[in-house]
Amino acid sequence: MSVRELVVLGTASQVPTRHRNHNGYLLRWDGEGILFDPGEGTQRQMLRAGVAAHDLNRICVTHFHGDHSLGLAGVIQRINLDKVPHPVTAHYPRSGQRFFDRLRYATAYRETVGITEAPVDADGDLAATRSYTLDARKLSHPVESYGYRLVEPDGRRMLPERLAAHGITGPDVGRIQRAGVLGDVTLDEVSEVRRGQRFAFVMDTRLCDGVHALAKGCDLLVIESTFLDEDAGLAEEHGHLTAGQAAAVARDAGVRHLVLTHFSQRYSEPEEFERQARAAGYEGELTVARDLLRVPVPKRR
Ligand SMILES: [Zn+2]
């Protein structure tokens, strides 16, 4: 059984606290590991969470503020130190190429692994594998910021009663799956669409079209809620979301499991984020993230 889960490495915005490291999130999706927004201290948080450099196949950076990217230097050097045997691809806003260059080559080290640079400069698809397509959407923040989404291709679920009704058994099941037809029976008659799972990562933005597009129909949504609702003015000014705004997006998008994170150090009561998210009418599963938490992608319906 392939593993699909989020490993939360850090949950603080702007400055870390005694309880929260700067951002960092690993998504395990089948055999791959995708690291989002490695802030300062991510390498050590990986160790604490049981994540190795070998687990990383892809790195996605939403934008070049330090809390989302200062960890790149350490993580990239660790990938090289450990001589990770597979390619690693990095996505980040192209407008921040100079920051990526500096972080990648922040100090001297022996480069043993080819990191493929795949910067983002427009909405659209970035990669496609057998188990997902990865796409990006522009967000609204003082520096250019992109959110990311993984969408598993739809599959088909075979229906045993229908197969039995048509007398299809054994190797014939595989035949009709591959060919789409067997004799006068079509695949549609003995199966149904199995909707692909969706995950999105939305960091550092005010409300905008990109936020809604990324969240649409997600099984698991990780979204910033830097501020509580009473500080909505600050959120708008600095290009962030409040707990109520993030939850309303998730509500309208039909999100199944909402993970709030990227909290301002000004708040000490995580329960208040939960209370405001519920007050906004979000009724799905809800997690106010803390460091080192693991959140499974919800089971298929
Ligand atoms: Zn931030």
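**Rings and backbone angles**

Start with F36. At 0% relative accessibility, well under the 20% cut-off, F36 counts as buried. Keep in mind that this is a predicted model.

So who is the partner in the ring pair? F36 pairs with Y148, and the pair is tilted. The centres are 6.3 Å apart, with 55° between the planes. Y148 is buried too, with a relative accessible area of 0%.

Now look at where they sit. F36 is in strand β3, residues 32–36, and Y148 is in strand β9, residues 146–151, so the pair ties together parts that are 112 residues apart in sequence.

These two belong to a cluster. Ring pairs link Y25, F36, Y148, F199 and F201. In total, the count is 10 aromatic pairs.

Here is another pair: Y267 and F273. Their centres are 5.4 Å apart and their planes are at 80°, so this pair is edge-to-face. Both Y267 and F273 are buried.

One more ring. What sits over W29? The charged end of R4 does, 4.3 Å from the ring centre.

Next, the backbone. Most residues other than glycine have a negative phi. Take D37. Its phi is positive, near 45°, and D37 is not a glycine. D37 lies in the loop between β3 and α1. Is D37 buried or exposed? Buried, at 0% relative accessible area.

H262 also has a positive phi, about 65°, and is not a glycine. H262 is in the loop between β16 and α11. At 1% relative accessibility, H262 counts as buried.

Definitions and conventions:
Residues numbered from 1 in each chain as written. Predicted model: local features only at pLDDT ≥ 70, side-chain atom pairs only at ≥ 80, totals over all residues. Heavy atoms only, no water. Phe/Tyr/Trp six-rings, centres within 6.5 Å; stacked < 30°, edge-to-face > 60°. Helix = DSSP H or I, 4+ residues; strand = E, 2+ residues; numbered from the N terminus. Buried < 20%, exposed > 50% of the residue type's maximum accessible area, 1.4 Å probe, protein only. Lys NZ or Arg CZ within 6 Å of the ring centre and 35° of its normal.
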